[in-house]
Amino acid sequence: MMAIRELKVCLLGDTGVGKSSIVCRFVQDHFDHNISPTIGASFMTKTVPCGNELHKFLIWDTAGQERDSFYTLKKWVKELKEHGPENIVMAIAGNKCDLSDIREVPLKDAKEYAESIGAIVVETSAKNAINIEELFQGISRQIPPLDPHENGNNGTIKVEKPTMQASRRCC
Ligand SMILES: Nc1nc2c(ncn2[C@@H]2O[C@H](COP(=O)(O)OP(=O)(O)OP(=O)(O)O)[C@@H](O)[C@H]2O)c(=O)[nH]1
């Protein structure tokens with residue numbers, strides 16, 4: 001029997017950077033070149049083992065608007081620091097690393113910025129399935145394990161096996 005933890009994840013970023021594609025690759029191991037822009041938001045879940053626990057990612061994928069991804073990232077971080085929960089885990093995905101010859105943000109700048117705000121940073125490709133699992137594993141690792149003595153008293157659920165499900169098809 002493993003304890004299941006629910007981790008709420010919200011993907012934020014400019015339109016077209018690949019948020020939905022990252023979720024689609026993570027949840028369904030699928031990539032669609034002609035994926036539709038998100039309208040409003042969509043929701044999916046995936047449960048993965050993490051040590052002696054199961055982590056159930058509750059993933060909200062939002063619709064991006066602007067088109068200056070590094071500037072937008074900094075705006076979101078400011079917003080989260082001012083209004084987000086205290087124990088928030090921030091992860092920066094530099095997506096489309098398969099297109100590194102037309103890179104917009106130098107990796108060094110992304111790493112320096114991530115370090116300055118205490119965020120995870122990873123270069124991903126939803127298209128080529130690079131570092132997508134690692135992105136979510138990185139988030140999982142930032143979650144402190146449950147205190148075994150608190151068993152059953154903290155909103156966790158005991159389940160037998162990992163499950164995978166999506167509430168809507170993304171592709
Ligand atoms: N080459 C490449 N293209 C990608 C990658 N990820 C996404 N794309 C493409 O980029 C375009 C936009 O992807 P989406 O996943 O819809 O981007 P989004 O950030 O969810 O966009 P909004 O819903 O408008 O906010 C699509 O044509 C994808 O096929 C990637 O890793 N590499």
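Which residues come nearest to the ligand? Of the 24 residues around the ligand, these are Thr15, Lys19, Ser21, Thr38 and Gly64, where a residue counts as near if one of its heavy atoms lies within 4 Å of the molecule. This is a predicted model, in which local features need pLDDT of at least 70 and side-chain atom pairs count only at pLDDT 80 or more, while totals for chains, interfaces and linings use all residues. Residues are numbered from 1 along each chain as its sequence is written, and side-chain values use heavy atoms, with hydrogens and water left out.

By class, the shell around the ligand holds seven nonpolar, eleven polar and six charged residues, with Gly counted among the polar ones. Helix α1 (residues 19-28) gives the most to this shell, with three residues; helices are DSSP runs (H or I) of at least four residues.

| Residue and atom | Ligand atom | Distance |
|---|---|---|
| glycine 16, polar backbone atom | oxygen | 2.9 Å |
| aspartate 98, polar side-chain atom | nitrogen | 2.7 Å |
| lysine 127, polar backbone atom | oxygen | 3.2 Å |

Taken alone the ligand exposes 660 Å², and the protein buries 88% of that (Shrake-Rupley method, 1.4 Å probe).

Aromatic pairs are a separate topic. A search of the whole structure finds five of them, a pair being rings of Phe, Tyr or Trp (its six-membered ring) with centres within 6.5 Å. The rings of phenylalanine 26 and phenylalanine 136 have centres 3.7 Å apart and planes at 5°, so this pair is stacked (planes under 30 degrees apart). Phenylalanine 26 lies in helix α1 and phenylalanine 136 in helix α4 (residues 132-141), so placed that the pair links distant parts of the chain, 110 residues apart.

Methods
Polar contact = N/O pair within 3.5 Å; in protein donor to acceptor, adjacent residues only side chain to side chain. Helix = DSSP H or I, 4+ residues; strand = E, 2+ residues; numbered from the N terminus. Phe/Tyr/Trp six-rings, centres within 6.5 Å; stacked < 30°, edge-to-face > 60°.
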